[in-house]
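Subject: Structure handover

Hello,

Here is the structure for your files. My notes on the two ligand sites follow below.

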Amino acid sequence: MKPIQEIYPLLNTPRNVVVTMHQKPDPDAMGSALALAGVLAQLGHEVTVISPTNWPDFLKWMPGSKAVIDFEATREKANIALEKAEWLFCLDFNALYRTKHMAAKLAELNCIKILIDHHEQPETEAFDYGISLTAKSSTSEMVYDFIKASGNEHLINEEVAACLYAGIIGDTGSFRFPATSPDVHEMVAVLKRKGLKHAIIHENLYDNFLEDRLRFIGHVLLHRMEIFYEYNAALISIPKSDLLKFNIRTGDTEGLVNYPLTIQGIKLAGLVIDRDEERKWSFRSKGNVDVNTFARKYFNGGGHFNASGGRSSDSLQTTMQLFKKAIKENASQLQ
Ligand code: 5GP
Ligand code: MN
């Protein structure tokens, strides 16, 4: 993978460009992709944004989101754009498997692949150019740096600023997490001067759910959460029947994994959801508990030191047992 700076001089020649992100995009994945697409379009590129899967309703206010192609839902349309692409920007993921059913297609494309990402252990051989900085708060911060360093800061308008800001607050937990550096705050100051209306973005992301979701959270915290004080760990496990009963939709379970960490002393939280084809895990931790390694070792996943994900093809019961075994094996780190 060559340094991303090498493409700056090439940005002024219009090309067919696809921007993509990880499956089930979160605010950072969608925000960074739409912000980059917004700037590239102003530079004269023909830009298509493709998501590997559908995305939550709370991202649908984002400027440009209506034009995003869902690979799973409209594969032919996505394939046409991918086959035409001269450049493929891969944002907020660093290993092709994170694009789910799109991974095989991406692997066979001969276009130039460019990575911008902040997750651990990048698959650098899969990309031609790129930048991978695990200390960065978010991919949106990195896209901001890319726009600035390539001499295009003047193209950050209110729409681009809104997308970048959504990504920043998503991945920093609204400026709480340790990766929230002075650079992040300085970037937000610049965005504010470019017309960013931050309060409405918080409302769009966090105050725009249906009643069902809140009732579901109440139900889950009461009936589906186990606390293991001996290991300072907690587990929330959600059977498929709960998802059906409360009409749970993509995005409704976002943030649920954080609740157990609000309990005094709890350092690691696991959330497992029984999805149709797999059991999907999310992990969050505080301080020196490394959930990237934890997700890699036990649950075919990865991510960041304090936030990661994984999956299992076992039954819900079996994968819950593995979690319990795993926290015992990691007792020394957790206690
Ligand atoms: P979430 O729990 O929100 O799905 O994921 C938490 C963080 O870990 C996000 O930054 C997400 O991109 C990352 N992540 C989730 N699943 C995986 C995975 O299977 N592999 C890797 N490398 N990262 C993941
Ligand atoms: Mn991210």
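Buried here means under 20% relative accessible area, computed with a 1.4 Å probe and protein chains only. This is a predicted model, in which local features need pLDDT of at least 70 and side-chain atom pairs count only at pLDDT 80 or more, while totals for chains, interfaces and linings use all residues. Residues are numbered from 1 along each chain as its sequence is written, and side-chain values use heavy atoms, without hydrogens and water.

Manganese ion (ligand 2)

Asp 92 and His 118 are both buried. They are among the protein donors of the manganese ion, with Asp 28 and Asp 171, at 2.2 to 2.3 Å (donors are N, O and S atoms within 2.8 Å of the metal, or 3.2 Å for Na, K and Ca; water is not among the atoms, so sites may look incomplete). Asp 92 lies in the loop between strand E5 (87–91) and helix H3 (103–108), and His 118 in the loop between strands E6 (112–117) and E7 (129–132), so the pair ties together parts that are 26 residues apart in sequence. Helices (at least four residues) and strands (at least two) are DSSP runs numbered from the N terminus.

Ligand 1

Ligand 1 is surrounded by 15 residues, each with a heavy atom within 4 Å of it. A polar side-chain atom of Tyr 97 is 2.6 Å from a ligand nitrogen atom, and a side-chain N or O atom of Arg 311 is 3.1 Å from a ligand oxygen atom. Strand E13 gives the largest share of the shell, four residues. Domain 1 (2–206) and domain 2 (212–334) both contribute to the shell, so ligand 1 lies between them; the bounds come from an automatic or database domain assignment.

Regards

How values were computed: Chains are lettered from A and ligands numbered from 1 in the order in which they are written. A polar contact is a pair of N or O atoms within 3.5 Å; within protein, one must be able to donate a hydrogen and the other to accept it, and residues adjacent in sequence count only if both atoms are side-chain atoms. Buried means under 20% relative accessible area, exposed over 50%, partly exposed in between (1.4 Å probe, protein chains only).
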